[in-house]
Amino acid sequence: MRVERNKTSRPPDHAYATSTLPPGFPGTPHIRNQNPIFDMPARPQPDRPGTRAAPGRDSGPHGRTVTANGRPEPERQTVAQQQTDQTDQTDQSEPPPLDVLVIGGGGVDTVVRVNSLPVPLADSVGVGPIHEWPGHTGGNVALGCRTLGLGVKFLDFLGDDWPGEQVRARLSDGNVDFETLPSPAGTRRAVNLVDKTGRRMSFFDARDPDDLRMPRDFYLPHLRRARHVHLSLTHFTRFLFDDIEALGVPVSTDLQDWNGLDDYHREFAFRADLVFLSAAGARERIASVMREILREGQAEAVVATAGAGGSYVMTREGSRTPRPVRATAPPAPVVDSNGAGDAYLSGFLYGRLAGRDLEACAALGAVAGAYACTGQGDAGLIGLDELLAVKI
C-alpha cells in the first residue's frame with residue numbers, strides 16, 4: 001500500500017455566500033446574547049489506552065505527524081500546544097496530540113464566471129478567465145482549521161494525476177499535515193459556475209468507486225489521538241463511523257445542500273454528533289429537516305447556513321425552533337462564495353475546541369465565512385488574529 005506524505009511549510013497569514021434567506025425562518029437573524037448558553041458536551045472518552053497518544057505508543061507504519069513551525073497563537077495554547085510541549089518533554093518520538101482529523105473530500109474546483117444564473121441556453125457563451133482551485137470541501141476545512149492554528153491531519157484518496165498534484169501542493173503550502181492513498185479513479189473534480197453576486201452552481205464529479213475503502217491501519221493511529229473528527233460527504237468515510245464511535249471521538253459532517261430526502265446523506269446525518277448543512281437544499285423545510293436530524297440521529301446540535309441570511313442553530317436540549325445567528329458583513333467586496341461554507345465550519349470548530357458556546361461558535365463561523373468571500377479560491381482564509389479581533 002503506497003502512502004504519500006507531505007513536507008510542511010509556513011502558511012501565509014490570510015483567509016460567505018450571498019444567497020437569500022430561505023422562507024419559513026423566524027424574523028431577522030441576530031445573536032441573542034441574553035439567552036442561556038448552549039454547551040455541547042464532547043462525547044465522553046472511554047478510559048482505554050489509545051484514545052489519546054500515550055508515551056511509547058507506536059504511531060504505526062505511516063509515520064508521525066509533522067509538527068507545524070508557525071508561531072503559537074494565543075488561544076492555540078489552550079487547544080493542543082500545551083499537550084504537544086508536554087509530549088516533547090516526555091518522548092521525542094511520540095506524535096503530538098491532534099485537534100482535528102479531516103477525512104475525505106479533497107479535489108479541484110474549476111471556477112467559471114458567468115453574468116447570471118441560470119446560464120442562458122446557447123451553443124457557446126463567452127466567459128472571463130477560467131481558474132482551477134485545489135481544495136474541495138475536505139481540503140478547504142483542513143486548510144481553514146490549520147490557518148486558525150489548530151493541529152490538523154488530512155487523510156484521503158487522491159489520483160496520480162495533475163489535479164491530485166495540485167491538491168497535495170496546496171495542502172503543503174498551507175502547512176497541513178496529510179497522507180493520501182492512490183485513488184484508482186483519479187482525483188475528484190467539480191465545475192462551478194459563479195455569477196456576479198457570488199452565487200454558484202456546481203457540477204460535481206465524485207469519481208470514487210462504490211467499493212473504495214480506507215484501510216483501518218491507515219486511519220486508526222490518527223483517529224486514536226484526535227480530539228475531533230470531521231468526515232466529508234464521501235462514500236468511503238461512512239464506513240469509519242463504527243471505529244469513531246468505539247473510540248468515543250466527537251465527529252462532525254457537512255451534508256452540503258441536503259434536501260432531507262436523499263438516502264445517501266442519512267447515515268451521515270444520523271450518526272454525526274455535530275451536523276452542518278446549507279439551508280439552500282431544503283429551503284422552507286429546513287427547520288423540519290433540522291428537527292428530524294435531532295429526533296432520528298445522535299447529533300447534539302445541527303447548524304444550517306443561509307449565506308447572507310446568517311445561520312441557524314438547533315440543539316437536542318433546546319427549543320424546537322432554530323436559533324438565528326446574524327451574518328457578518330464581508331470586510332471587502334464579495335469575489336467568490338466558493339469555500340465560504342467550509343470556512344464557516346472551520347471557524348465554528350475552532351470555537352468548539354476552544355470551549356466557546358454554540359452561538360459564539362456560530363458567530364466565529366460567520367466571520368470566517370464572510371472573509372472567505374473576499375478572495376478567489378481559498379485566498380480569503382482568515383487567520384486567528386483577525387478572527388479574534390472581530391467583535392461578535
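Histidine 136 has its place in helix H2. In this predicted model, histidine 136 has a positive phi of about 65 degrees, although the residue is not a glycine. Its relative accessible area is 6%, and histidine 136 is therefore buried, the limit being under 20%. Helix H2 spans residues 136-147 and lies across strands E3 (107-113), E4, E7 and E8, running at about 65 degrees to E4.

These strands belong to an open sheet. Its four strands follow the order E4-E3-E7-E8, and their pairing is mixed. In general, the strands of a sheet pair through backbone hydrogen bonds, in either a parallel or an antiparallel sense. Strand E4 (131-135) and strand E8 (200-205) form the edges, each pairing on one side only. On average, neighbouring strands of the sheet are turned by 25 degrees against each other, direction ignored. Strand E7 (residues 188-194) pairs with E8 in the antiparallel sense over six bridges. Arginine 189 stands opposite aspartate 205 in E8. Helix H3 (residues 162-173) also lies across part of the sheet, namely E3, E4 and E7, and runs at about 60 degrees to E4.

The loop between strand E10 (251-254) and helix H6 (266-271) holds glutamine 256. Glutamine 256 is not a glycine, yet has a positive phi of about 60 degrees. With a relative accessibility of 27%, glutamine 256 counts as partly exposed.

The crossing of H9 and H10 is right-handed. Among the residues that make the contact are Ala343, Gly347, Phe348 and Arg352 of H9, together with Leu358, Cys361, Gly365 and Ala372 of H10. The contact residues of the two helices divide into 12 nonpolar, four polar and one charged.

Confidence must be considered when the model is read. The protein chain averages a pLDDT of 81, and 77% of the residues score at least 70. Over residues 8-84, however, the pLDDT is below 50, and this stretch has 211 contacts in the model beyond near neighbours in sequence. Residues 86-91 also have a pLDDT below 50, with five such contacts. Where pLDDT is low, predicted coordinates should not be read in detail.

Key. Residues numbered from 1 in each chain as written. Predicted model: local features only at pLDDT ≥ 70, side-chain atom pairs only at ≥ 80, totals over all residues. Heavy atoms only, no water. Left-handed = near helix turned anticlockwise from the far one by under 90°. Helix = DSSP H or I, 4+ residues; strand = E, 2+ residues; numbered from the N terminus. Contact = heavy atoms within 4.5 Å. Nonpolar A, V, L, I, M, F, W, Y, C, P; charged D, E, K, R; others polar. pLDDT = per-residue confidence, 0-100. Pairing = 2+ DSSP bridges. Axes fitted to C-alpha atoms, helices over the stretch in contact; angles between N-to-C directions. Buried < 20%, exposed > 50% of the residue type's maximum accessible area, 1.4 Å probe, protein only.
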